[in-house]
Amino acid sequence: RVLARTSPRCHNSIVRKVPMPSELPEMSSAPMVCSAQIQATERAGGLGPALQGVVVTAAPRACSEDKIGSTPTTRSLDDVLANVPSGSIVEPSARGGDSDAESAEALRCQGRLLRVVGVVAALCAAVVGIFLLTSDAWSLSVLEAATASKAAAEPAGFLRPKAEATSAEAAERPVHAGAAGTVEQLFVAAANAAPMARKAARPTLPSPMLAGYTGGANTEKIVKAVRAGVNTIYWSFLNLRNNGLIVGLDINQVLEVHRELTAENISVAHMVSIGGWNGHHNFSTGCSPEPCDGARFAASFEAFNAQTIADGEGWPGFTGIDWDIEGHDNWNSTQNEFTLDELTIMLDMSRALSPNFVISMVPAQSYFNCRESGFDLSLRHAALSNPGFKYAGLNAYAALYAKAPEVFDVVIVQLYEGYSDAGFDLYWGGSEENIGADGWPRAGSTSDMTRVVRETIECITNGSWKVDFNGFWGLPNRTVIQVPLGQAVIGLANGWAPQSNFKFAYFDPHAAARAIRTTRSGGAAYWTIAVQDPANSFTRALRRIL
């Protein structure tokens with residue numbers, strides 16, 4: 001960026017990947033992004049953070065003028081993706097395309113910049129080489145670090161599609177959807193991206209965990225929640241599409257929160273959640289040119305995470321990913337049913353990332369229901385306490401966990417699912433005879449709340465839960481599902497749930513904390529920081545589990 005600003009003629013040219021010195025003599029073969037014209041160059045030090053740039057899906061293609069393009073933002077995401085050649089940049093520019101002369105000048109500017117950078121890189125490499133050869137620091141860890149650095153340098157980028165529609169359920173609860181006004185971006189890893197080297201130390205989550213989902217919360221609320229006791233932030237949301245990531249969260253805000261907490265000497269884990277209610281669900285089809293594949297999605301996440309590290313000074317990157325793929329308001333939507341291909345991609349992506357990242361899941365209770373032995377992939381079942389509410393699942397996430405329990409580090413069971421079995425126990429006394437009877441539903445006592453939370457924890461951890469998968473995915477009947485106690489986390493609703501007229505179960509945080517503490521389980525997570533009260537009383541009460 002500094003070099004670009006030193007020459008007025010090169011002011012608008014930016015090199016997204018610096019080739020190795022050996023690649024410099026033949027620029028046409030360098031795996032690099034050919035050119036970009038960046039708007040608003042006076043913001044954020046002239047060129048702005050890389051993550052606020054434009055779309056890049058780079059591959060080792062010859063660098064020539066026909067790979068420099070400009071695509072208006074009025075086109076749909078599908079149209080843009082279908083017509084973007086690998087190795088190009090799509091710029092949401094109001095100015096339209098650059099002239100041929102400007103494009104050629106951009107290439108010449110990049111060539112000069114690359115030669116200067118190459119000389120500097122060669123000098124640095126020589127100094128480092130002398131140091132390594134004359135010290136005892138040479139070890140396998142150095143080679144691993146170099147491999148990780150190369151992987152992080154691979155080109156990647158963003159696409160800005162239209163914002164998602166607001167959920168029809170938003171009037172009733174803060175739906176698991178991205179921050180209001182957030183512009184989603186598509187991030188696709190380079191076709192030639194190298195696999196990420198295994199980290200020297202795999203990250204871990206605090207134990208016990210007290211987690212809050214951001215749910216569109218502003219920076220001030222997130223920082224206050226951490227001060228009150230949250231030790232793990234779940235940023236919402238990413239989604240999967242075309243072997244890439246739809247980035248629905250504000251990366252600038254993530255980095256801002258990190259800076260503020262670092263200034264206060266506060267350390268927290270930063271997880272990023274994938275999915276949400278009404279989130280993108282059909283990610284196993286429509287990929288081009290390569291078929292949809294969990295490993296490719298994982299590579300896109302690794303490249304995305306590496307880019308955030310490069311753009312955030314001192315930012316260590318995300319601790320891991322969290323699966324929160326749920327249903328859709330439209331009952332007839334295909335997103336109200338999982339498929340084997342989708343589960344396979346979720347598992348393969350998790351496996352590919354697990355050596356370097358924490359993997360968690362946060363299924364709605366009916367998707368991971370230890371009171372049920374049945375199984376299918378539909379999310380259109382009737383709720384026990386309200387047969388007219390047909391958005392319940394039947395252990396879809398149980399199959400994902402049973403297939404490879406060693407891959408998943410945390411299981412957060414959402415007790416606040418609409419008309420959940422936990423709510424049935426709490427508000428209807430756990431008896432079908434009370435449905436529609438006088439005096440029911442009714443508010444549960446704090447002792448009832450402690451009992452329901454404790455029974456849920458025991459149910460998923462004591463080995464008594466068996467599911468009949470009928471051979472699905474090679475899983476037999478009577479498959480035992482047992483989550484290690486330290487990995488079992490209870491998902492709670494904070495202040496918004498009591499207003500839901502018994503639809504969403506609300507557990508007093510003191511009562512829930514008693515059950516979590518006495519069982520010595522993995523902790524608690526809640527939705528959502530965005531509606532936390534000014535005093536953060538819900539978080540402060542839950543802090544007792546720590």
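Helix H7 is mostly covered, with 13 of its 18 residues buried. Buried means under 20% relative accessible area, exposed means over 50%, and partly exposed lies in between (1.4 Å probe, protein chains only). Helices (H or I, at least four residues) and strands (E, at least two) are DSSP runs, numbered from the N terminus. The model is predicted: local features need pLDDT of at least 70 and side-chain atom pairs count only at pLDDT 80 or more, while totals for chains, interfaces and linings use all residues. Residues are numbered from 1 along each chain as its sequence is written, and side-chain values use heavy atoms, with hydrogens and water left out.

The table sets out both helices; the expected span is 1.5 Å times one less than the number of residues.

| Helix | Residues | Length | Span, first to last C-alpha | Expected span |
|---|---|---|---|---|
| H6 | 251-263 | 13 residues | 18 Å | 18 Å |
| H7 | 294-311 | 18 residues | 26 Å | 26 Å |

Each helix has a cap at its N-terminal end. For H7 the cap is Asp293, with a side-chain oxygen 3.0 Å from the backbone nitrogen of Ala295. For H6 the cap is Asp250, with a side-chain oxygen 3.0 Å from the backbone nitrogen of Asn252. A polar contact is a pair of N or O atoms within 3.5 Å; within protein, one must be able to donate a hydrogen and the other to accept it, and residues adjacent in sequence count only if both atoms are side-chain atoms.

The buried residues of H6 are Ile251, Gln253, Val254, Leu255, Val257, His258 and Leu261. They pack against helix H5 (219-228), strands S5 (232-241), S6 (244-247) and S7 (269-276), and H7. Contact means heavy atoms within 4.5 Å. After H6 comes Asn265, whose phi is positive, near 60°.

In strand S14 (residues 523-527), five of five residues are buried. Gly523, Ala525 and Trp527 point one way, and Ala524 and Tyr526 the other way. Strands pair if DSSP finds at least two bridges between them. S4 (residues 209-213) runs parallel to S14 and is joined to it by five bridges, with Tyr213 opposite Trp527. Five bridges also join S13 (residues 488-493) to S14, again in parallel, and Gly491 stands opposite Ala525. From S13 the chain crosses through helix H12 (residues 509-519) to S14 in a right-handed β-α-β crossover. Right-handed means that, with the strands pointing away from the viewer, the path from the first strand over the helix to the second runs clockwise.

**The nonpolar core**

A nonpolar core is a set of buried Ala, Val, Leu, Ile, Met, Phe, Trp, Tyr and Cys residues joined through side-chain atoms within 4.5 Å. The largest one has 129 residues, and Phe301, Phe318, Trp323, Met349, Phe368, Tyr397 and Phe507 touch the most other members. Helix H9 (residues 396-403) gives the largest share of this core, seven residues.

Val453 is located in helix H11 (residues 446-461) and counts as buried because its relative accessibility is 0%. The C-alpha atoms of Val453 and Ile490 are separated by 7.6 Å, although the two residues are 37 residues apart along the chain.

**A loop residue**

Thr319 is in the loop between H7 and strand S8 (320-325). Thr319 counts as buried because its relative accessibility is 10%.
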